[in-house]
Amino acid sequence: MSRKCTECHSGEKVQGYGNRISPPIVFVGESPGENEVREGRPFSPRGKSGQLLHQIMKDLDVDIKTLYFTNVCMCPCRGAPPADKVHMCYDGLMDELEALKPKLIVPMGNVAAKAVGQYEKGISFVRGSYRKLRLGPSVTTGVLPTYHPAAILRNPDLFRDLLTDLEKAVAIGVEGRPAVIPPPYEDYEPIHTQEELEAVWPKLEEAKLIAVDLETASRYVYEDEILIIGISYAKGKCASFDWALFEPNPLTLQGKRNIKRLAKLLKTKKCIFQTAGFDIAWLWSRSVFPNLWFDTEVAHWLLDERESGHGLEPMAMRYLSAPPWKAQFRTRNGLGAYIASEEQFGAKFSAIPQDDMMMYNAADADYTRRLAMLFRKEIKKQNMERVMRLVMDATKLYTELFLEGMCIDMNNLEALETKYKKQIAEAEVILEKLAPDVNPRSPKQLSAYLYDQLGLTTFGDLPADGAEIPMDVLSKAMMDVEGEDVDADLYWKTSRPALFSGRIEKGSGLSSRSTGAFTLFWLKRQHPYPAALIQYKQAQKRLKTYCGAIHKFMWTDGRIHPDYRLVGHLHGRFRSSRPTIHNIPNETDIYNIYCAPPGMTILHADYKQADLRLIAHMSGDQELVRWLKGDPHAEVVKAIRHLNDEQLKELEKRDINEFRRSRLAAKSINFGAFYGRGAESMAPQLGLTVKEARLYLREYWKRLPVAKAWMDSRFSELLANGQEYIGPFGNKRRFPLLVSESHRWRVGTLGVNFPIMSSVNYLTTMTHIAVVKNLRAVGIQTLVYPHIHDSINVCVPEDKLQEAAQIIKDTMSQVPIDAGFDGVTWPVDVDAGTHWGSMVAVENLFESST
DNA sequence: TGGCAATGCGCC
DNA sequence: AAACGGCGCATAGCCA
């Protein structure tokens, strides 16, 4: 029963292998690798991919001998088989599968998924979704695509997805469990009339836990409408209401009465949401304030801290064998399988037949409630209730920011845009004169022009052959020209020379064909083009990204409404978009685009050296605790230069520039050393040779042996703890699969990075919540302004400034102590101003009056 | 034409 | 031996 292949003649072929009589699962790979060819067997357990697959199946208690393994292409090819080869192999593969009559086919990787299941989208999108496949007149089977094991070895973060999919494959193929359980549409109740509302209401009032889900036409809370509200009150039960029932009606008072009842219901029940921030923004703006009890997205992200996979549909498909009901709904209503443009989507969404939308909405609410029942047990079991509560409280805080928005000073914005446009135009004159055909926004064209046409050389006069520049060459080159160019010195001392990719197999370092700013500051010594290019790029970035965002995301109220995403960050930080406010350039002009509402002042507060304090607290290093009572960066200068206090003071008097340079270097050591940064990478920023940097680091660690020991123990703690890091708030970063030495090293550094980064974030969040609460407790009107990792912002009335500043200072210093972070003190800087870029330290503000 | 990965750069 | 973490957004260029 071997597979025939007559189309191509490219050497050795590897036939399928395993149980040929109705196997419960057939695995389909791409094409045989080295080991597979040697052994004549796809997914050979002696190859790395095969080994991983066999191990997982063994762990799932599946007898390997019952399974079957094959590839799309029988002959080996480097990398993924090209389309023409797949085409040639297609008929043979289908004949093979038809003869096997498998219960389930698991295509592994993009090529196999597309060949077997005819999936249109990439593997990361379609993985884990089940389809039926007709193989012949009498043979129908199921398909469940997943990643290729080789992809997991390259990107171990995907391991959990592979495992999930294979568990599902075993459930379907081996255990015969149903692949898909449709939602109980017949039990969902569409509510159009007052009579129907009255009939169902008692059921809602009897429930303890309800899941709530809204359908709206867009994201514009103040302009658009709520279409439907679904309330699931028991497993498989949901009432889906026409929102018109809750709209105030000039003819009758019924709408007003109904929304009061709704408000009371949602306030007294424990409410469950998926992505609560969205729904409560709409409800709050209609004066409905639900008792936010559980958020399924937050819960799932805490249980799986990776970026994606927390959508309602993937979760319900995974945990409840749901069909892709959202995709089906969108397809039958002409919305496309996925959302293309939000505006288009909104318009079409409003035109959908109401009953259809109600069924869709009811399924959403029902699945949300059912997932909450599952997740809450797991959250409890994993001892994550504290961080769960905190993130949900934060949801409410940043929904306030989203609804209220931030004020924009249009005059400042316009002036700044004019300035950038002028800078761009100036630079363009030079760039076009020198190279009219080169697009300065194209790295490809730039490297061809700078290196091939002009023949410029990079750091250390190396030829631009694309090789990585060794760090000591980089450092030496920069040291040779130190002091000749102040701008370049500053840039090099404060920026990193290379981009580091998340993938572990990729190296790091600076390409000798780089066209980034770091290299341009070197090239500008050789030719006028790079200097103009630096100006062009800087102004372009600021104009397009930071000014452009304001226009792009401003609502009709003239404000911007940043959308805080509290989940999806590997280390528990928060993110914002539309626009992002976590990466605004630290420049007065740009921050001054943002201002307080009339009559109010922005108060900004941040912790001094928050991450160093966390390290000191968590490691218990008393020397670091001592440093933090004074100036930790000066302490590092003393350590690495072997100075005592007096000698340091002398240095400051004798050579202030040298003192500052040393302090800057100390700062990079303080911030880099704990995150695993090595001498090679630090040397350029320290203005040292690699050898000198190594000595500096050695002196640094000599002074902090306890902290060093803590840092070095992280990886063994991971291994001792089920391959999980647990942060002080109970949040987790999991590494279920360690694939190589370099991966283990990287994971070790993350063991330091993760608890610090997440704890700084959560401490600051607790503080933000407490500050707002304490200010309001004494009757100060308070607006929530952004949280940025280790700093918070609020707006208060101008005449309450001094009182508010004191409350903030007291609250911020105390919150970490009360939360148990009492190994160190938590000093705070507080600034105030009507514009975000022109803030003054409050001490200075009130000096004259006190 | 739109999806996608890559390049580059802004922040803590 | 290697060797800095996390993110969002704009742009170009390749591919279906």
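Visitor: Is Trp284 buried or exposed?
Guide: Trp284 counts as buried, because its relative accessibility is 17%. Buried means under 20% relative accessible area, exposed means over 50%, and partly exposed lies in between (1.4 Å probe, protein chains only).

Visitor: Where does Trp284 lie?
Guide: Trp284 belongs to helix H10, residues 276–284. Helices (H or I, at least four residues) and strands (E, at least two) are DSSP runs numbered from the N terminus. The C-alpha atom of Trp284 is 9.7 Å from that of Val221, and the two are 63 residues apart along the chain.

Visitor: What kind of model is this, and how are residues numbered?
Guide: This is a predicted model, in which local features need pLDDT of at least 70 and side-chain atom pairs count only at pLDDT 80 or more, while totals for chains, interfaces and linings use all residues. Residues are numbered from 1 along each chain as its sequence is written, chains are lettered from A and ligands numbered from 1 in the order in which they are written, and side-chain values use heavy atoms, with hydrogens and water left out.

Visitor: How many residues has the largest nonpolar core?
Guide: The largest nonpolar core has 215 residues, and Phe241, Leu603 and Phe674 have the most contacts inside it. Helix H15 gives the most to this core, with 13 residues. Another core, of 50 residues, lies apart from it and includes Phe27 and Leu158. A nonpolar core is a set of buried Ala, Val, Leu, Ile, Met, Phe, Trp, Tyr and Cys residues joined through side-chain atoms within 4.5 Å.

Visitor: And how many salt bridges are there?
Guide: A search of the whole structure finds 44 salt bridges. A salt bridge is a side-chain nitrogen of Lys or Arg within 4 Å of a carboxyl oxygen of Asp or Glu.

Visitor: Which residue does Arg306 meet in a salt bridge?
Guide: The side chain of Arg306 meets that of Asp161, at 2.8 Å from N to O. Arg306 lies in the loop between helix H11 (296–303) and helix H12 (312–320) and Asp161 lies in helix H7 (residues 159–174), so the pair ties together parts that are 145 residues apart in sequence. Both Arg306 and Asp161 are buried.

Visitor: What about Asp364?
Guide: Asp364 forms a salt bridge with Lys326, with the closest N and O atoms 3.0 Å apart. This pair links distant parts of the chain, 38 residues apart, as Asp364 is in helix H15 and Lys326 in helix H13 (residues 325–332). Asp364 counts as buried at 3% relative accessibility, and Lys326 counts as buried at 14%.

Visitor: Where is Gly568 found?
Guide: Gly568 is found in the loop between strand S16 (563–565) and strand S17 (575–577). Gly568 counts as buried, because its relative accessibility is 6%.
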